[in-house]
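Reader: I am new to reading structures, and I would like to learn how the words used for them follow from the values. Could you take my questions one at a time?

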Amino acid sequence: MTSTPHRVVIAGGGVAGLEALLALHALAGDRVELTLVAPTPDFVYRPLAVAEPFALGHRRTTPLADAARTAAATFVQAPLTGVDVAERIVRLGDGDTLPYDALVLATGAAAEPAFGNAHVFNWDDTCDAEAIGGLLRDLEEGYSQHLAIVIPPGPGWPLPAYELALLISADARGMGMNPEITLVTPEKAPLAIFGPRAVEVVADELKRAGVQVELGAYAELDPGTPGSIVMRPSGRRLQVARVLALPRLRGRAPEGIPADPDGFVSVDAHGRLAGTDGIWAAGDGIDFPVKFGGLAAEQADAAAADIAADAGATVERTPFRPVLRGRLLTSRGPRYMRYDAAGGGGEGEASTQTLWWPPGKVNGRYLAPWLAARDEEAVADHLPQSGGLPVQTDLHRDIIAS
């Protein structure tokens with residue numbers, strides 16, 4: 001045990017930042033002195049942004065100061081603008097500096113429009129529900145008969161595109177309309193990252209909803225023909241009335257931190273930043289190709305264990321092993337999917353019953369139970385009794401898939 005607490009600065013108030021904060025508090029206790037730095041006062045639970053226009057859920061906010069109190073940490077509301085790697089000091093937007101023994105970069109990624117075209121609705125999880133509402137009204141009233149939903153190439157998370165396609169189709173059909181909806185994706189199979197079992201389930205949902213899928217396609221807009229999409233490499237054209245596109249992502253590496261041309265940083269299996277000492281990174285800002293809250297939490301757990309061991313805690317340094325857990329919203333209820341992307345997971349799992357607990361959209365060993373305990377709509381009757389440490393867990397692997 002060190003004679004003075006290990007000073008840990010965690011930059012970022014999203015999933016990775018909060019998971020790292022709660023994990024370090026649980027694993028290292030008073031061996032660490034924790035400081036959470038974020039530019040905004042609240043954690044925004046964004047995965048349900050897709051659900052808001054369809055009255056299936058809503059975004060929730062939780063004060064970051066509450067998380068800091070839980071972890072006996074200091075909360076500083078300010079953007080992190082730069083890092084002095086040699087001196088182990090972070091610079092903040094308000095002019096202050098903070099020294100650190102360990103720094104966790106969880107600053108996420110920035111969403112950029114995939115298409116700079118006024119006729120394209122570029123959707124991300126910060127969009128207002130009313131923006132989708134306008135599109136729904138056009139479809140319901142017959143002003144738009146053909147909608148394309150586009151997943152751009154590059155790092156990202158394709159699942160919201162499938163949810164939007166399924167939920168928009170169900171909403172329009174419920175109003176007596178039958179629009180053509182085409183999902184354009186560079187994937188080789190629908191949600192292939194979740195494995196063969198999920199591909200079967202998702203393909204069946206798309207077929208039931210009447211959604212067409214263009215696989216292995218990179219969409220381009222023809223500037224000379226409004227509403228014309230050219231799909232590469234085939235060159236086939238698709239004429240549509242409306243286009244909805246997911247964003248492209250760029251990293252947010254602060255000044256002083258080495259990054260690739262797109263702003264993403266490189267880390268090892270324990271989250272240590274390549275070529276530096278005392279810096280870890282987790283979440284959407286690293287160069288892992290899949291961007292998802294559950295994976296961000298797993299990355300944060302690996303970094304937290306590594307830092308806790310450095311601080312003198314008796315903790316196994318467990319490397320990041322990507323396990324994908326996704327909850328797909330459909331008009332017939334959620335579909336839960338789980339796949340061990342590191343190998344050994346077989347065909348994966350897909351079920352109408354939850355495959356993990358608590359059953360939120362964002363999975364995190366420490367964050368998910370912490371959020372559930374503060375959510376009146378969550379599974380309050382099933383939360384652990386006092387005296388234990390609530391964590392997320394996978395349910396029995398023999399659950400029947402359906």
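Reader: Why is Ala-72 called exposed?
Author: Buried means under 20% relative accessible area, exposed means over 50%, and partly exposed lies in between, with a 1.4 Å probe and protein chains only. Ala-72 has a relative accessible area of 63%, so it is exposed. Ala-72 is found in the loop between helix H2 (64–70) and strand S5 (74–77), where helices (H or I, at least four residues) and strands (E, at least two) are DSSP runs numbered from the N terminus. Please keep in mind that this is a predicted model, in which local features need pLDDT of at least 70 and side-chain atom pairs count only at pLDDT 80 or more, while totals for chains, interfaces and linings use all residues. Residues are numbered from 1 along each chain as its sequence is written, and side-chain values use heavy atoms, with hydrogens and water left out.

Reader: What is the value of phi at Ala-72?
Author: Phi of Ala-72 is near 55°, which is a positive value in a residue other than glycine. Phi of Arg-88 is also near 55°, and Arg-88 lies in the loop between strand S6 (80–84) and strand S7 (89–92). Arg-88 has a relative accessible area of 29%, so it is called partly exposed.

Reader: What makes Glu-298 and Arg-325 a salt bridge?
Author: A salt bridge is a side-chain nitrogen of Lys or Arg within 4 Å of a carboxyl oxygen of Asp or Glu. In the pair of Glu-298 and Arg-325 the N to O distance is 3.1 Å, and the side chains therefore meet in a salt bridge. The pair links distant parts of the chain, with Glu-298 in helix H6 (residues 293–310) and Arg-325 in strand S21 (residues 323–328), 27 residues apart. Glu-298 is buried because its relative accessible area is 14%, and Arg-325 counts as buried at 11% relative accessibility.

Reader: How do you know that Glu-112 and Arg-250 form a salt bridge?
Author: Their closest N and O atoms are 3.6 Å apart, and therefore the pair meets the limit for a salt bridge. Glu-112 lies in strand S10 (residues 109–112) and Arg-250 in strand S19 (residues 248–251), so the pair ties together parts that are 138 residues apart in sequence. Glu-112 is partly exposed, with a relative accessible area of 34%, and Arg-250 is partly exposed at 30%.

Reader: How do you know that the size of the protein chain agrees with a compact globule?
Author: The radius of gyration is taken over C-alpha atoms, and the globule rule is 2.2 Å times the number of residues to the power 0.38. With 402 residues the rule gives a value near 21 Å, and the protein chain has 22 Å, which agrees. Buried residues make up 52% of the 402 residues.
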